[in-house]
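I'd like to walk you through one structure, so please take a look at the sequence and the model on the screen.

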Amino acid sequence: YDLDDITITHLDKNKTLEDGIDMFKTESIKERVLTVIPMVRHAIQNVKQLYKDGIMPEPQYQKACSNCDFKEYCLSELPETNIMPPPRMHQSRIALLQSNDILDARDIPEDFPLTESQERYVNTIKTGEPHIDVNAIREALKEVEYPIAFMDFESYSYSLPIVPGAKPWEQIPFQFSIHGMSWEGAVFHYDYLFTGNLEDTDVRLEFLQHLLDVLEDVDGSVVV
């Protein structure tokens, strides 16, 4: 290919709103593109051959299947308790199970390498019983101090920041809700929603100030 270069311009995550046009960064991807081209050509040839043969290939199941437009066809062949939902199951392990004709999580052998969380999931599927670690819950509750504040908050992120000092895709909190309970069972509630003008107010500082004002009245644990 007689190309001087192939470049891509993207946002620099280390820049802020104040950097203006310098927030963008241009870098060469020529070598990466030239490396991928043969693989793309090979994939195109494979697809053409499949079309010519008129034979539907066996699906290679993976996590990305859930976002595929053709999933209704492929995933309909899987049992409800299939091998893809276990948490953080690597594609290589899914492929290994499929190569051994194991598509149901209930059929995963006892000696198959699984992480602790995956093993709990599979055991739950096999037994049909929920996993409740009572001892872990008791230990966790020992750390809780009353009054307890249960906090939920919301944030947003923009590719082009609209808050001074913010970076691309930085999470900006703008709302919180706190429901609390005392040892005696009395409940309380606080909430905050930013409704100001972003041009003259830093929503992050206002959010924190309101949160700190509320937490002054909460001497116990904050559960987020």
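How many salt bridges does the count come to? The answer is six salt bridges. Before I go further, please keep in mind that this is a predicted model.

Let me start with R204. The side chains of E170 and R204 meet in a salt bridge, at 3.3 Å from N to O. E170 sits in the loop between β3 and β4, while R204 belongs to helix α6, residues 203-215, so this pair ties together parts that are 34 residues apart in sequence.

Is R204 buried or exposed? R204 is buried, as its relative accessible area is 18%, and the cut-off for buried is under 20%. Its two partners come out otherwise: E170 counts as partly exposed at 28% relative accessibility, and D202 is partly exposed with 24%.

Another salt bridge brings together the side chains of K126 and E110, at 3.6 Å from N to O. That pair links distant parts of the chain, with K126 in helix α4 and E110 in the loop between α3 and α4, 16 residues apart. On accessibility, K126 is partly exposed with a relative accessible area of 30%, whereas E110 is exposed, with 69%.

Now to the rings. A search of the whole structure finds eight aromatic pairs. One of them is Y156 with Y158, a tilted pair at 5.1 Å centre to centre and 50° between the planes. Y156 also pairs with F174, again tilted, with 5.8 Å centre to centre and 50° between the planes. Where do the members of that pair lie? Y156 is in strand β3, residues 148-156, and F174 is in strand β4, residues 172-181, so the pair ties together parts that are 18 residues apart in sequence. Put together, ring pairs link Y156, Y158 and F174 into a cluster. Of these residues, Y158 is partly exposed, with a relative accessible area of 42%, and F174 counts as partly exposed at 22%.

Let's move to the surface. Which residues form the nonpolar patch? They are Y146, F150, M181, W183, V187 and V223, and together they have about 620 Å² of accessible area. V223 is found in strand β6, residues 222-223, and at 35% relative accessibility it counts as partly exposed. Y146 has something else to show us: a cis peptide bond joins Y146 and P147, with omega at about 0°. P147 itself has its place in the loop between α5, residues 134-142, and β3.

D2, D4, D5 and E31 gather in a patch of negative charge on the surface. Among them, D5 lies in the segment before β1, which spans 7-11, and D5 counts as partly exposed at 39% relative accessibility.

D101 has phi near 60°, a positive value in a residue other than glycine. You'll find D101 in the loop between α3, residues 91-99, and α4, residues 116-127, and at 72% relative accessibility D101 counts as exposed. W169 has a positive phi as well, near 65°, and W169 is likewise a residue other than glycine. Its place is the loop between β3 and β4, and W169 counts as partly exposed at 41% relative accessibility.

How far apart are Q49 and P168 in space? From C-alpha to C-alpha they are 44 Å apart, and in sequence they are 119 residues apart. Q49 lies in helix α1, residues 30-53, and counts as partly exposed at 41% relative accessibility.

Methods: Residues numbered from 1 in each chain as written. Predicted model: local features only at pLDDT ≥ 70, side-chain atom pairs only at ≥ 80, totals over all residues. Heavy atoms only, no water. Patch = residues over 30% accessible without salt bridge, like charges linked within 9 Å, V, L, I, M, F, W, Y side chains within 5 Å. Areas by Shrake-Rupley, 256 points an atom, 1.4 Å probe, with all protein chains shown as cover. Salt bridge = Lys/Arg side-chain N within 4 Å of Asp/Glu carboxyl O. Lys, Arg positive; Asp, Glu negative; His and termini not counted. Charge placed at Lys NZ, Arg CZ, Asp CG, Glu CD. Helix = DSSP H or I, 4+ residues; strand = E, 2+ residues; numbered from the N terminus. Buried < 20%, exposed > 50% of the residue type's maximum accessible area, 1.4 Å probe, protein only. Phe/Tyr/Trp six-rings, centres within 6.5 Å; stacked < 30°, edge-to-face > 60°.
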